[in-house]
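These are my notebook entries on a structure I looked through.

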Amino acid sequence: MAGGGFVAADPSSRDYGGRVTFSVVMTCLMAASCGVIYGYDNGISGGVTQMESFLSIFFPEVLSKTKNANSNIYCKYDNQWLTTFTSSLYITAALSSLVASRVTRRVGRQGIMLLGSALFLAGSIINGGAVNVAMLVIGRMLLGFGIGFTFQSAFPVRRRFGTGMAGGGFLAADSSAQDYGGRVTFSVVMTCLMAASCGVIYGYDNGISGGVTQMESFLSLFFPEVLCGTKDANRNIYCKYDNQWLTAFTSSFFLAAAVSSLVASRITKRVGRQGIMLFGSALFLAGSIINLAAINISMLIIGRMLLGFGIGFTFQVTWR
């Protein structure tokens, strides 16, 4: 079948015929656990910036603004250091991904992934023991460097012709496919811009879904009982947001994405990659519209589920 796919670049590589082996299971479990940790970090970084216990230690001036009832919700969190805390991870991840391929050529994929993992671990430890804003920012930067190195090197792109390296890569399954010699063409630029814009939107959604669940304007409209709980000074910060519907709102997206990714490959065989990606995009668009116009919890959850189905279909077929 014409098109791109993961194939062995070395003809001597052993073919397992698509069987589920121990190595495959362990690799999938490792990738899934890393994805869970990364997604959890995204959600936490969005929600923690509105917790009083966090703001009182690191951003007391922001906390004082939140007490001003006349101030706009966005103006309350208008602080350069708070913005630096959240954005430092993504900026350093983008910068490190630009040089990761060159570093990988020198130290190898295993070396660069171990380096990225060590940076991520160091960043987590520093963030866990942070006592000031500087430690927070440094920790987030190390997390960003770790993500940039490991994500970029996890999906190496190798040309079909002129490669003697063993291992898997993105290769053209059709021998008549044109080899561009790694040149930057208009199609490559447009594809990268589209992928980057989708990544920005997806990351923005992750951050917003974490932070919006603590906004009084949002809670008063959809979760008034949770808002009442937040006013109870005797309740633990986690118990204040212990609500099944609120949990369903945040988790429905990820559950739908996981379920749809399991069946995406089978559907793709029937309708093709272009069809499934258009279908996933339509679902994502529909979910965004429903969430935007939501007037009750049911609409919120349905919209989030459609977003999840869209992500599951499009992400799974993107790396075929």
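Entry 1, Asn 79. I looked up the contacts of Asn 79 (heavy atoms within 4.5 Å). Leaving aside neighbours within four places in sequence, I find Asn 79 in contact with Phe 59, Glu 61 and Val 62. The model is predicted, so I note that local features need pLDDT of at least 70 and side-chain atom pairs count only at pLDDT 80 or more, while totals for chains, interfaces and linings use all residues. Residues are numbered from 1 along each chain as its sequence is written, and side-chain values use heavy atoms, with hydrogens and water left out.

I place Asn 79 in the loop between α4 (73-76) and α5 (80-128). Helices here are DSSP runs of H or I with at least four residues, numbered from the N terminus. Is Asn 79 buried or exposed? Asn 79 counts as buried, because its relative accessibility is 10%. I use buried for under 20% relative accessible area, exposed for over 50% and partly exposed for in between (1.4 Å probe, protein chains only).

I then looked up polar contacts, that is, pairs of N or O atoms within 3.5 Å; within protein, one must be able to donate a hydrogen and the other to accept it, and residues adjacent in sequence count only if both atoms are side-chain atoms. The side chain of Asn 79 makes such a contact with the side chain of Glu 61, at 3.3 Å. The Asn 79 side chain also reaches the backbone nitrogen of Trp 81 at 3.0 Å.

I find Asn 243 in the loop between α9 (224-230) and α10 (244-292). Asn 243 is buried, because its relative accessible area is 12%. Which residues does Asn 243 touch, not counting residues up to four places away in sequence? They are Phe 223, Glu 225 and Val 226. The C-alpha atoms of Asn 243 and Phe 223 are separated by 8.8 Å, and the two residues are 20 residues apart along the chain.

The side chain of Asn 243 makes a polar contact with the side chain of Glu 225 at 3.3 Å. A polar atom of the Asn 243 side chain lies 2.9 Å from the backbone nitrogen of Trp 245.

I counted rings of Phe, Tyr and Trp (its six-membered ring) as paired if their centres lie within 6.5 Å; planes under 30 degrees apart count as stacked, over 60 as edge-to-face and the rest as tilted. The count comes to 9 aromatic pairs. The rings of Phe 54 and Phe 85 have centres 5.6 Å apart and planes at 40°, so I record the pair as tilted. Phe 54 lies in helix α2 (residues 52-58) and Phe 85 in helix α5, so the pair ties together parts that are 31 residues apart in sequence. Phe 54 is buried at 11% relative accessibility, and Phe 85 is buried at 5%.

For Phe 279 and Phe 313, the ring centres are 5.5 Å apart and the planes are at 50°, so this pair is tilted. Phe 279 lies in helix α10 and Phe 313 in helix α11 (residues 297-318), so the pair ties together parts that are 34 residues apart in sequence. Phe 279 is partly exposed at 43% relative accessibility, whereas Phe 313 is buried at 6%.

I also note that ring pairs link Phe 54, Phe 58, Phe 59 and Phe 85 into a cluster.

Note on methods:
Helix = DSSP H or I, 4+ residues; strand = E, 2+ residues; numbered from the N terminus.
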